[in-house]
Amino acid sequence: MSEPQRSLAAVRRLSYAVGHFLNDLCASMWFTYLLVFYHSVLGFRNTNAGVLLLVGQIADALCTPLVGYESDQTSGCGNYGKRKTWHLVGTLSVVVSFAFIFNRCLGCDPQTPQWASLIYFAPFIIVFQFGWAATQISHLSLIPELVTCEHAKVELTAYRYAFTVIANITVYALAYLLFHMQAGKDEDSLGPADIDIFRNLSLIVLGIGVLFAFFFHLGTTEDHNHPASPESGGEEGRRGKMTEEEEEAEGERRPLLATTSRVPSPLLQWKCWLQQPSFYQVALLYMSTRLIVNLSQTYISMYLINTLGLPKNFIATIPLVMYVSGFLSSFIMKPVSKRIGKSLTYFVGLLLIMAFSYWVLLDDRMGQQIYGAAVLLGAGSATILVISLAMTAELIADQTQSGAFVYGAMSFTDKLANGVAVMMIQALHPCHTVVCCPACVWFYHYIMVIVTGGVAVVAALALCSILIWPIKIRPRGLQVAADATTTVN
């Protein structure tokens, strides 16, 4: 007997999609402005600024799989649901810590050694990263629990990313307004006078994010009794979730991924996932995707200011263009992936990323053309991120009881790789002063080429492995009555 296809009403899709909005707002500031703030505004050395980002990434990497495991094991607070309980814990942790990260060191003065400032900021960063991880994993883990239709998973992931893009657009628009309203003599360079801008931006971000988190908790209902097998669960809930699918045409209801009639597969616990080759294939693909997205977001500001010599308001306008193009591309993700498949859609995104990389490599004195390059990077990043998340959800399939561990493990590789990469780049920085020396002009030029085009090659190899050895859950020492495989085209 095939599993009933669960879908969501429009209001519930919307309420779910905004559940990561606070995280996205904070992540936008974290990756885009953290190095700029601590190095160019507070005057930290390159390596010390990199250490703070590395501390955050390591804390996130360690917390993510632990939160994923605990989220799978715990039952939640009363009848609230285990995913929403962890989401609430994460939201509160982010709220109480984030404002201190983009602010002055309270009690410090110009004579305070930088190591003391590092000790001051580190606890706030660790608490923030724990909260960020708890919110991210609990939110992602809801996707395979809320819907089973493969098109609906891609659609829900695309809606989620659409609000990620809206969050980034919001941050960059607010940053542009704050920079524009700033009254000062030195308008084109960053310095201590900009501390208040970043502090006010972080406070506004928290206020907006809390409102959207409230809407998520109010409008999203978690199925407390949902098991891996479709035979259990409320009959009324199944009927409600089937309504939208029954209204769609037969072609729309056909799964995006080829499936076969099968009986329910055995429940996979976290140790079983470590024996699945597809688990590592998806992990490599997801890690490469996140490296491209996060590192390009982290170093685009340095590239604009130090390599291209653009005014500081460009660190708001260029990321804004990137995410507007990503926002627009997210709406065509479902029909494109349905027509050509997830793997080819991901490859199209990689082609856009590589086109950006070659453009930057060949044009070392880019002027207004940076807007066109930003469109390529934004659309490509949106495409590969949405599809990599959809592939992760498809790998989990009906194994929702351990879905948080899978997302946690994927994010562990992502966060650790990002932290190590940033620390290596900061350690290789040729300048040892706050002001950019002539050597850093070419340094950030090639960094932008490597973190996009170079990492895209690794992502392409991971994609090739998926095309050669399709993603499927392979029975290893498990009692399987039929071929319980899930293949990604």
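**Figure 1. The largest nonpolar core of the predicted model has 133 residues.** Tyr33 and Tyr299 touch the most other members of this core. Helix H2 (residues 21–41) gives the most to the core, with 15 residues. A nonpolar core is a set of buried Ala, Val, Leu, Ile, Met, Phe, Trp, Tyr and Cys residues joined through side-chain atoms within 4.5 Å. Buried means under 20% relative accessible area, with a 1.4 Å probe and protein chains only. Residues are numbered from 1 along each chain as its sequence is written. In this predicted model, local features need pLDDT of at least 70 and side-chain atom pairs count only at pLDDT 80 or more, while totals for chains, interfaces and linings use all residues; side-chain values use heavy atoms, with hydrogens and water left out.

**Figure 2. Close-up of Tyr299 and its contacts.** Tyr299 touches Leu35, Val422, Ile425, Gln426, Tyr444, Ile447 and Met448. Residues up to four places away in sequence are not counted. Contact means heavy atoms within 4.5 Å.

**Figure 3. Helix H4 packs against helix H8.** H4 spans residues 82–101 and H8 spans residues 195–219. They pack at an angle of about 170°, with axes 10 Å apart. That makes H4 roughly antiparallel to H8 (an angle over 145 degrees). Axes are lines fitted to C-alpha atoms, for helices over the stretch in contact, and angles run from 0 to 180 degrees between N-to-C directions. From H4, the contact includes Leu88, Val95 and Phe98. From H8, Leu206, Val210 and Phe216 are among the partners. By class, this contact has 10 nonpolar, four polar and one charged residues. Ala, Val, Leu, Ile, Met, Phe, Trp, Tyr, Cys and Pro count as nonpolar, Asp, Glu, Lys and Arg as charged, and the others, Gly among them, as polar.

**Figure 4. Ser357 is buried in helix H15.** H15 covers residues 342–362. The relative accessible area of Ser357 is 4%. Leaving aside neighbours within four places in sequence, Ser357 is in contact with Val449, Thr452 and Gly453.

**Figure 5. Val406 and Ser141 are 265 residues apart along the chain.** Their C-alpha atoms are separated by 8.9 Å. Val406 lies in helix H17 (residues 403–427). Val406 is buried, with a relative accessible area of 0%. Across the chain, buried residues make up 58% of the 489 residues. The secondary structure comes to 18 helices and zero strands. Helices (H or I, at least four residues) and strands (E, at least two) are DSSP runs, numbered from the N terminus.

Note on methods:
Parallel < 35°, antiparallel > 145°, perpendicular 65-115°, else oblique. Buried < 20%, exposed > 50% of the residue type's maximum accessible area, 1.4 Å probe, protein only.
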